[in-house]
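Student: I have just opened this structure and would like to understand the words used to describe it. Could we go through them together?

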Amino acid sequence: MASNENAAAAAAAAATQIAQLLAALTHPDTNAIREAEINLKPLLKDPRCVPALIDVLKARGAQPDAVRQVAAVVLRKRIGGHWNHFDAPTKAVLKTEILSILSSEPQRIVRNGAVGVAATMCKLECGGGGGGDDPSTGGGGGGAGGGNAWPELFQFIASAASDANPDARELAFLLLDEMTETIGLHLKPQFPSMATLFATALTDGETRVQNSSVKALGQLLSYLADEKEVDVFSNLIPAIITVADNCRKRSDEDTVSTTLDVLYDLSYSPSPAVAAHMNAIVLFCLECIKDSNLEMGVRDSAALVIATQAESKPKTFGKDEALLSQVLEALFNLIENSQESAAGALFESNPAWREDMADEAGDDFDPDDLDSPTETSMAQGTLDMLACEIPKKYVFQPIVSRCIGRLTSPHPHHRKAGIACLGVAAEGCAEPLREHLPDVMPHVFAAAGDADPQVRECACFALGQISEHC
């Protein structure tokens, strides 16, 4: 009894000492921070720091939230080096403690810190991070059967995902988000049940639950993009797009950007089940590039997804006449409605041109020196990719007919877009354009003598492009 009391007292003293040092890390005193780091270093090399840090983490009311949050950050970094030193009963206690903190912690920053700790523990258990050859610990064997290493965590997630409290539902998907790699490597048998959780969350009445599920599912889709298991979640892509489009309408750019990153990662997925959603993906991205309320960086990311879809699925994209028509019309409209110069904007957004600049500048090249994308450069860069990647039998006529139609318009901004887009398409559509030069060149020469200076400027650009490529 005395031995247990002494151990408990020593643990409490260690937790108090660590808490005092962590508190120093939160103060704006450089010398105090440096001294605290020096004093913490030997303590954190001792496996006993893990239960001490958990004691600090759960000391709600006794320790400031900022200190408890720092305890979670430090614990997440240090626990991996100590996990092998704990026996199975000790690990079980530590895991139970973290689940208890997750279920009861009201402060978001502390709860999010505990999410990171739980995710790290799960990775260690599933990946054979501790326990030698004892299967009861989830260790050994490089993670064979690792998905069963911590069943209580997944019971916790499933329960939280269906909880009446939206904080709990959000927490479930914050956990899944942090555990992407572990899930992808070790928990494939649980994918169908996870898909059900995600499907429910994507239609949750709380926006933050929807958004956290989009982020978690998006991370997993990106991770699985090249694997056959992506099919399990592919039918959720339309629901992701629905949530993201609602976010776009209320200018929630974080979720929109997250979704666009995922859609880009899926562009080259070999899965036919993913490719089946190309139309919905492109149409969502099209709404993004047309939305002037979004930051240009977000709109440019959407344009990149459209261009990448054309590059990865050129025939499918080209054969969908209605989709191709909508995209082309939107790109032409962006150029004609912009007050910017449309001559040379292509080069501002062309990746190859940027690479050439980087090669020429060498070590002095700074990407930040490049101009930010504009509506015109974004539209021209996307049109260039469509013209280059989609088979000419699908893309040439829709582009050129729009160019000629606008060149005969009484409105100068229409003529500007018509001649500019003809110059943009000259490289990708060089072969069929060469065959139609007798029909096209009179329009180009007329544009060169146009009364509007922007039209004449774009005609010079088009003449240069046609001369070079045709």
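Tutor: Gladly! Let us begin with axes: they are lines fitted to C-alpha atoms, for helices over the stretch in contact, and angles run from 0 to 180 degrees between N-to-C directions. Helices (H or I, at least four residues) and strands (E, at least two) are DSSP runs, numbered from the N terminus. This is a predicted model, in which local features need pLDDT of at least 70 and side-chain atom pairs count only at pLDDT 80 or more, while totals for chains, interfaces and linings use all residues. Residues are numbered from 1 along each chain as its sequence is written, and side-chain values use heavy atoms, with hydrogens and water left out.

Student: How many helices and strands does the chain have?

Tutor: The count is 27 helices and zero strands.

Student: What is the hand of the crossing of α22 and α24?

Tutor: The crossing is right-handed. A crossing gets that name if the near helix is turned clockwise from the far one by less than a right angle, and is left-handed if anticlockwise.

Student: Which residues make the contact of α22 with α24?

Tutor: Contact means heavy atoms within 4.5 Å. From α22 come Gln380, Leu383, Asp384 and Ala387, and from α24 come Ala420, Cys421, Val424 and Ala425. Six of the residues in this contact are nonpolar, one is polar and one is charged. For these classes, Ala, Val, Leu, Ile, Met, Phe, Trp, Tyr, Cys and Pro count as nonpolar, Asp, Glu, Lys and Arg as charged, and the others, Gly among them, as polar.

Student: What makes α17 and α22 roughly parallel?

Tutor: The axes of α17 (residues 296-312) and α22 come within 9 Å and cross at roughly 5°. The crossing angle is in the roughly parallel range, and therefore α17 is called roughly parallel to α22. Residues of α17 including Met296, Ala303 and Ala310 meet residues of α22, among them Met378 and Leu386. By class, this contact has eight nonpolar, one polar and five charged residues.

Student: How do you know what to call α8 and α11?

Tutor: The axes of α8 (residues 166-178) and α11 (residues 207-224) cross at roughly 15° and come within 8 Å. By the same cut-offs, α8 is therefore roughly parallel to α11. The crossing of α8 and α11 is left-handed. Their contact divides into six nonpolar, three polar and six charged residues.

Student: Why is glycine 218 called buried?

Tutor: Buried means under 20% relative accessible area, exposed over 50%, partly exposed in between (1.4 Å probe, protein chains only). Glycine 218 has 2% relative accessibility, so it counts as buried. This glycine is found in helix α11, and glycine 218 touches Ser213 and Val262, not counting residues up to four places away in sequence.

Student: Is aspartate 450 buried or exposed?

Tutor: Its relative accessibility is 12%, so aspartate 450 counts as buried. Aspartate 450 lies in the loop between α26 (437-448) and α27 (453-469).

Student: With which side chain does the side chain of aspartate 450 make a polar contact?

Tutor: The partner is the side chain of arginine 415, at 2.7 Å. A polar contact is a pair of N or O atoms within 3.5 Å; within protein, one must be able to donate a hydrogen and the other to accept it, and residues adjacent in sequence count only if both atoms are side-chain atoms.

Student: What makes α3 mostly covered?

Tutor: Seven of the nine residues of α3 (residues 49-57) are buried, among them Cys49, Leu53 and Leu57. In the chain, buried residues make up 49% of the 470 residues.

How values were computed
Parallel < 35°, antiparallel > 145°, perpendicular 65-115°, else oblique.
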